[in-house]
Amino acid sequence: MDNSLFQPVDAAQVPRFAGLSTFMRLPAVPTAKGLDIALVGIPWDGGTTNRAGARHGPREIRNQSSLMRRAHHVSGTEPFSIANVADVGDLSVNPINLLDGLKRIEDGIAAIVAQGALPLAAGGDHLTTLPVLRAVAPKEPVGMIHFDAHSDTNDRYFGDNPYTHGTPFRRAIEEGLLDPKRVVQIGIRGSIYEPGEHDWAKAQGVRIIYMEEFVRRGAAAVMQEASDLVGDKPTYVTFDIDCIDPSMAPGTGTPELGGFTTREAQEMVRLLDGLHFAGADVVEVAPPFDLGGMTALAGATMMFELLCVMARSLADRKARG
């Protein structure tokens, strides 16, 4: 193990309920300088249209992430031994000004990217992903693998408001941040506003895999298609916790029945191995609606799963030169 890499606090030496509450008990650092992967909180839900509360997600995900240990039990990956990872804290947000909030998030992620680290963020509602994409794709569009119950490609809400957690990927495509032909959305389900709600996204080239198709085909086939679709170019991964069934993740803003089990979600993230990551996030964990911290634990677990595949991908790319 490289002794220069940051390491989590050992739970066999300091109990999990003690010490600073950081992502996976890693050191808290002021900037992303020298990091390969920066764990960052985005405590902002200014795009929420109904059940607010995801602004509290990063704090509770940090708390539940104390349950994460050093090594992945399936792959054997020890992410903290092959990548330099730390908690860079929460981004500065503005809970009462939407546009300023978006700009603050963009600037905060841009600072991480400028220091050479990949962001792995905990939101926050799904609108937070739009300014993150503005920061990670300022020059050319990236691909995206998107786990969600909702497509989030609607246009306007409440009159002419273009920015809600139901619109981020329409805006991202319009702004040239995403290559729609390299975007796949997995797990989409639930009632919709009108029969043609997803027509715009499909017309741009977005591949929508509804939950029913996932059930028919299974995780391996779906993720193979997703990997083939995005190819070896930079790709962002966004994981909305409401893709998991609310029986296992009730603490979210827009729960939809018929979702993934936590086991299926873990399997899919593990199948991202080898992806060329541009960054990743876990969003829409809303602790005010949670039960016993189970949704925040699901969010923390998905962050650890993402961290493992991100760290391994970085290490492999460095080895290849």
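This is a predicted model: local features need pLDDT of at least 70, side-chain atom pairs count only at pLDDT 80 or more; totals for chains, interfaces and linings use all residues.
Student: OK, what are the numbers for the pair of Phe147 and Phe239?
Tutor: Their rings sit 5.6 Å centre to centre, with 45 degrees between the planes, which is a tilted pair. Phe147 lies in strand 4 (residues 142–147) and Phe239 in strand 7 (residues 235–240), so this pair ties together parts that are 92 residues apart in sequence. Strands here are DSSP runs of E, at least two residues, and helices are runs of H or I, at least four, numbered from the N terminus.

Student: Is Phe147 buried or exposed?
Tutor: Phe147 is buried, at a relative accessible area of 0%. Phe239 counts as buried too, at 1%. Buried means under 20% relative accessible area, exposed over 50%, and partly exposed in between (1.4 Å probe, protein chains only).

Student: Switching to helices: at what angle do helix 3 and helix 4 pack?
Tutor: Helix 3 (residues 98–114) and helix 4 (residues 129–136) pack at about 40 degrees, with their axes 8 Å apart. Axes are lines fitted to C-alpha atoms, for helices over the stretch in contact, and angles run from 0 to 180 degrees between N-to-C directions. The two helices are therefore oblique to each other; angles under 35 degrees count as roughly parallel, over 145 as roughly antiparallel, 65 to 115 as roughly perpendicular and the rest as oblique.

Student: Which residues make the contact?
Tutor: Helix 3 brings Leu102, Ile105, Glu106, Ile109, Ala110 and Val113, and helix 4 brings Pro131, Val132, Arg134, Ala135 and Val136. Contact means heavy atoms within 4.5 Å.

Student: What about helix 1 and helix 10?
Tutor: Helix 1 (residues 57–64) and helix 10 (residues 294–320) pack at about 75 degrees, with axes 8 Å apart. That makes helix 1 roughly perpendicular to helix 10. Glu60, Ile61 and Gln64 of helix 1 meet Ala296, Leu297, Gly299, Ala300 and Met303 of helix 10.

Student: And Ala298, what does it touch?
Tutor: Leaving out residues up to four places away in sequence, Ala298 touches Ile241 and Ile244. Ala298 lies in helix 10 and counts as buried at 6% relative accessibility.

Student: Last topic, the backbone: which peptide bond is cis?
Tutor: The one from Gly123 to Gly124, with omega near 15 degrees. Gly124 is in the loop between strand 3 (118–123) and helix 4.

Student: What's up with phi at Met24?
Tutor: Phi of Met24 is near 60 degrees, a positive value in a residue other than glycine. Met24 is found in the segment before strand 1 (37–42), and Met24 is buried at 2%.

How values were computed
Residues are numbered from 1 along each chain as its sequence is written. Side-chain values use heavy atoms; hydrogens and water are left out. Rings of Phe, Tyr and Trp (its six-membered ring) pair if their centres lie within 6.5 Å; planes under 30 degrees apart count as stacked, over 60 as edge-to-face and the rest as tilted.
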